[in-house]
Amino acid sequence: MKVLVLHGPNLNLLGKREPGIYGNQTLEAINRRLVELGRELGVEVECFQSNHEGELIDKLHSTDAAAVVFNPGAFTHYSYALRDAVASLPIPVVEVHLSNIYAREEFRHRSVIAPVAAGQISGFGAESYLLGLQAAVSLAKKRGERS
């Protein structure tokens with residue numbers, strides 16, 4: 001089983017960008033932790049980051065993963081194109097955020113992705129990704145049992 005982890009815009013700057021909000025861990029360190037946890041859970045983890053909406057959409061359209069963990073970054077709040085790409089998938093998508101988007105600026109309180117995602121995890125720093133991966137694997141396994 002494979003799980004796709006998608007990182008949206010500006011997440012390539014983790015560790016440097018606003019560490020008080022996003023923490024000190026780099027994206028590479030988070031990806032390493034995800035791959036390690038994936039091994040423990042018996043799944044392959046594929047990580048992909050892009051600052052470009054179309055590349056994220058293309059990755060969603062072409063994935064052969066059993067589930068997706070997705071941090072859409074700022075696209076969370078307004079990208080109907082990404083929302084539609086997530087809605088088109090027959091697999092579970094878990095939305096994740098490092099910060100608690102509901103404790104931040106008003107414009108960040110709304111996710112257009114959440115209504116079409118299986119669930120959302122936010123506010124736990126890098127741990128949000130690990131929790132998201134565990135949830136995605138669990139959902140994919142349950143889905144596989146029903147098939």
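This is a short chat about the predicted model shown above.

Visitor: What secondary structure does the protein have, and in what order do the elements run?
Guide: The model is predicted. It holds five helices and five strands. From the N terminus the order is β-α-α-β-α-β-α-β-β-α.

Visitor: How does the radius of gyration sit against that of a compact globule?
Guide: The two agree. A compact globule of 147 residues would come out near 15 Å, and the protein has 14 Å. The C-alpha trace spans about 40 × 30 × 25 Å along its principal axes.

Visitor: How much is buried?
Guide: Of the 147 residues, 46% count as buried.

Visitor: What about contacts between residues at least 6 apart in sequence?
Guide: Among those contacts, 75% join residues at least 24 apart.

Visitor: And the charges, how far apart are their mean positions?
Guide: They are 3 Å apart, taking 15 positive and 16 negative charges.

Visitor: Switching to single residues. Where is Val-3, and is it buried or exposed?
Guide: Val-3 belongs to strand S1, residues 2-7. Its relative accessible area is 0%, so Val-3 counts as buried, the cut-off being under 20%.

Visitor: What does Val-3 touch?
Guide: Leaving out residues up to four places away in sequence, its contacts include Val-43, Val-45, Ala-65, Ala-67, Val-69, Leu-133 and Val-137. Glu-44 and Glu-46 are also among them. Lys-16 is another matter: 13 residues along the chain from Val-3, with 27 Å between the two C-alpha atoms.

Visitor: Which residue has a positive phi although it is not a glycine?
Guide: Asn-10, at about 70°. Most residues other than glycine have a negative phi. Asn-10 is in the loop between S1 and helix H1 (19-22). Asn-10 is partly exposed, at 33% relative accessibility.

Visitor: Which residues does UniProt list under "binding site"?
Guide: The unreviewed entry covers Asn-71, His-77, Asp-84, Leu-98, Ser-99 and Arg-108. They span 38 residues in sequence, and the farthest two C-alpha atoms are 23.9 Å apart, so they do not all gather at one spot.

Visitor: Take His-77 from that list. Where does it lie, and is it buried or exposed?
Guide: His-77 sits in the loop between strand S3 (67-71) and helix H4 (80-87). His-77 counts as buried, with 13% relative accessibility.

Visitor: And where is Arg-108?
Guide: Arg-108 is also in a loop, between strand S4 (93-97) and strand S5 (119-122). Its relative accessible area is 14%, so Arg-108 is buried.

Terms used. Residues are numbered from 1 along each chain as its sequence is written. This is a predicted model: local features need pLDDT of at least 70, side-chain atom pairs count only at pLDDT 80 or more; totals for chains, interfaces and linings use all residues. Side-chain values use heavy atoms; hydrogens and water are left out. Helices (H or I, at least four residues) and strands (E, at least two) are DSSP runs, numbered from the N terminus. The radius of gyration is taken over C-alpha atoms; the globule rule is 2.2 Å times the number of residues to the power 0.38. Buried means under 20% relative accessible area, exposed over 50%, partly exposed in between (1.4 Å probe, protein chains only). Contact means heavy atoms within 4.5 Å. Lys and Arg count as positive and Asp and Glu as negative; His and the chain ends are not counted. The place of a charge is taken as NZ of Lys, CZ of Arg, CG of Asp or CD of Glu. UniProt positions are given in the numbering used here, feature names are shortened, and annotations may be inferred rather than shown by experiment.
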